[in-house]
Amino acid sequence: MRRGGGKAGLVIGAAVVLLVFAYLLWGGIGNNLVYFLTPTELLAKGASAYGANVRLGGIVEGGTVHWDAQRHELRFRLIDGDDHTVEVVSTGVPPQMFSEGIGAVVEGVWTPEGVFRSHNLMVKHSNEYRAPPPGAKPAEYYRQLFRKQQS
Amino acid sequence: MNAVIGHAATLLGLLLAAFGAVAAFVAARTGEARYFAGARRAGLGVFACVAIAFATMERALITHDFSVSYVEQVGSRATPLFYTIISLWSALEGSILLWALILAAYTALLVRWSTRANAAQPADPQVPYALGTLLCVNVFFLLLISWPANPFRVLNPAPLDGPGPNALLQNSPFMGVHPPLLYTGYVGMAVPFSLAVGALLAGRLNPDWPRLIRRWTLVPWTFLSLGIVAGSWWSYEVLGWGGYWAWDPVENASFMPWLTATAFLHSVMVQERRGMLKTWTITLIVGTFLLTVLGTFLTRSGVLASVHAFTQSAIGPFFLVFLGIVLLGSLTLLAWRSDALRSEGRFDAALSRETAFVVNNLLFAAFAFVVLLGTMFPLLAEAVRGVKVSVGGPYFSEMSVPIALLLVFLAGVGPALPWRQGSLALLRGKFRWPFVAALGVGVALAVAGVRAPLALLTFVLAVFSGGLLVTEFAEATGARRRATGAGTLPALWGVATSNRRRYGGYIVHTGILVIAVGIAASATFRREDEWTIPRGATQDFGRYQIRFDSVWAVHEARRDGVVAATTVSLQGTVLTRLYPRLNYYPTAMEPIGTPALRANMREDLYLVLLAYTQDGEHATIKAIVSPLVGWIWLGGGIVGLGALFALWPARKRDPPTPAAAAVVTRERRAREAVGR
């Protein structure tokens, strides 16, 4: 940054800094991309999908949900329109709305044992603020707690 | 009736804004005072119209006038009055109405200022150009609420009741504070943008331009800072995940303009002192405004999914066109007026305040770019390669932590460096005690068992920078004490008020350091666990014991709640009882939790009720401990106080006459010339 003469040096310095920054950004993005896949797409990828953090979306298949209260572990199968299914193991309590037949997105890794280990389970409802559909009555679930208090 | 009045007021406001913009540009071209007077009156008229529209919407909401489409969308007879009032900004159309109101209020303020500025310099075309530009922005937002996002559509027949505002808004009174604060900051960036465009159109930058635009930027910057901290606090208190920042697209949308505006507030000082970095400074403020428009587009058009995003709507294309016009227009202007932006000064030495500012600016720009890339990448990937991806949180953390650490370092070192040329001897004297303090804290923490290197580095750098800031205050106070014989506190107050901008800035820096410590500690040393606990049983969690006592349900007018009672003990002694709960709203598919927390400056214990059995015999509770998380809110308060201190008008002693001011400027120039 001395007077005159240093201009070329400054430009080269700036270019180097920019290149390093771009390289870091590229690497940072590349290592942290989370792909959104369906069971069919995940199975098609096969072994190449092991270990990478992905989001898997599908429908919770009926009759496959098993909750292990001791280990806080939820097992179920996600199915898509092409009838491919993936077994999912998710840790932690599922959201209250989680049930068979509902759309769900899990984030985690696909392991060689053929199990998708999820650390984040999201129930899909197309819009955050939509009222419950007619017939769905979340209040049914805690009705008993009202009665308890009254008695 | 309300619908008709509201819609008529927005249409009239739109017409006035368009008329005022044209009149202002004509006034700038011809210099005719009557056009400018017309533009100013139109500007005030726009504010009056939007205020009427806003008040009409509030009246419609409060009186449950369901013939107004927006009331039908967010209103309900069961909602308490407070939430009814704030439900105005709970959905797309209303939030743009609030936006338009704040923009019109800023326009009225600019009109008031321009009357004075114009009286001082009647021939200066910058002022009408700036007002005209701001009125054009008004035109855009009023166009939105008159047509594609019109909240005043008439419903016939009117329904008897509505669903009420979205459940997240109703769940915390804090939603009455956070959005207006954030919008006041966000929208206010249109004013410095207009002043910049005004200067570019006029083709020159007055010597007082940096001072002026800095003040007009500092006001929205302060609100934006408070809005961001308030939003984090809301997220922490309400969303039940024990965190305060998730790199969610909407959070990023508010953070990016904050970064560029902060860079601008620093670079404009270099411009003021040395006449350098003019193009860069103008680019920053134009970029800040562009980022606010881009942010609004991302979060209000439904292209990105997020907690904050509203439903899909038709306003996306409008925003894209507006964004394109602003971008192309600004770039053209910058290229056309590059001669007016030539630098007057040059860098004298690598070790100087100017260099610190340039490095600071590069860091802020890089930070903004990192966030922008991470936010936009999913859109780009889907458009170019057709794949659905999301960018994971670790990307943002990995990229931003090194930049943030350097900024923490500069927050103390920058103010310690003198303008033009620093000397190592001077720095050695200044750096001694802060260095010793930082080293001492680092060793003490390492001995105490803190092993996380990044957190340790943050603490050490924050102590170092904080020490340098204290030194700045202490040295000046000591000198004043010796000169005047005053006591320490009066001398400190005298020093601080003698240069409010400078010392207010140092207070803001201190607040940022406190926030940095809070983020580093709470992100690194957070612990969490969850268990299903039988009634009456106790669960150990670190130092705490948590006993689940009972769970019951309550009826409230607008919602039902399920409350769990817990008793928290610390090493055997009962500390407090906490009541995490789940709320069931008619508008929400899922219950929304209200976490319970025991907060203090050392650490927060945070309990969330996740689930319970129907017989009330078991509850699943998640517990989180976050050390120093309270420092983030404390630091936010310090930032706000510092900014207020800097903005507070200095006591008017003898207002310098223009001639006297010219003498002072000449003297300074002379001193600088000798120094060179």
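**Exercise 1.** In this predicted model, identify the domains of chain B and describe the contact of domain 1 with domain 2.

*Solution.* 
Step 1. The domain assignment divides chain B into domain 1 (1-165), domain 2 (166-351) and domain 3 (527-630).
Step 2. Taken over C-alpha atoms, the centres of domain 1 and domain 2 of chain B lie 21 Å apart.
Step 3. To their contact, domain 1 of chain B contributes 29 residues and domain 2 of chain B contributes 30 residues.
Step 4. On the domain 1 side, α4 (81-86), α5 (92-120) and α6 (126-146) of chain B each supply at least two residues. Of the elements on this side, α6(B) gives the most, with 9 residues.
Step 5. Sorted by class, this side of domain 1 of chain B has 23 nonpolar and 6 polar residues, and no charged residues.

**Exercise 2.** Determine the strand order of the open sheet of 4 strands in chain B, and explain why one side of β2 and of β9 is left without a neighbour.

*Solution.* 
Step 1. Strands of a sheet pair through backbone hydrogen bonds, in either a parallel or an antiparallel manner.
Step 2. In chain B, the order is β2-β11-β10-β9, and the pairing is antiparallel.
Step 3. β2 (527-534) and β9 (596-598) of chain B stand at the edges; each has a single partner strand, so one side of each is left without a neighbour in the sheet.
Step 4. With direction ignored, neighbouring strands of this sheet are turned by 20° against each other on average.
Step 5. The pairing of β2(B) with β11 (residues 618-627) of chain B is antiparallel and extends over 8 bridges. In β11(B), V625(B) is the bridge partner of R527(B).

**Exercise 3.** Compare the span of helix α19 of chain B with the expected span, and state how many of its residues are buried.

*Solution.* 
Step 1. α19 (residues 500-524) of chain B has 25 residues.
Step 2. From first C-alpha to last, α19(B) reaches 36 Å, close to the 36 Å expected at 1.5 Å a residue.
Step 3. A residue is buried if 20 or more other C-beta atoms lie within 10 Å of its own. By this criterion, 21 of the 25 residues of α19(B) are buried, and the helix is mostly covered.

**Exercise 4.** Describe the organisation of chain A, from its domains to its elements.

*Solution.* 
Step 1. Chain A is divided into domain 1 (1-32) and domain 2 (34-128), and 42 Å separate the centres of these domains, taken over C-alpha atoms.
Step 2. Chain A contains 3 helices and 7 strands, which run α-β-α-β-β-β-β-β-β-α from the N terminus on.
Step 3. Of the 151 residues in chain A, 20% are buried.

Definitions and conventions: Residues are numbered from 1 along each chain as its sequence is written. Chains are lettered from A and ligands numbered from 1 in the order in which they are written. This is a predicted model: local features need pLDDT of at least 70, side-chain atom pairs count only at pLDDT 80 or more; totals for chains, interfaces and linings use all residues. The expected span of a helix is 1.5 Å times one less than its number of residues. A residue is buried if 20 or more other C-beta atoms lie within 10 Å of its own, exposed if 12 or fewer, and partly exposed in between; C-beta atoms are placed from the backbone. Domain bounds come from an automatic or database domain assignment. Two residues are in contact if their C-beta atoms, placed from the backbone, lie within 7 Å. Ala, Val, Leu, Ile, Met, Phe, Trp, Tyr, Cys and Pro count as nonpolar, Asp, Glu, Lys and Arg as charged, and the others, Gly among them, as polar. Two strands pair if DSSP finds at least two bridges between them. Axes are lines fitted to C-alpha atoms, for helices over the stretch in contact, and angles run from 0 to 180 degrees between N-to-C directions.
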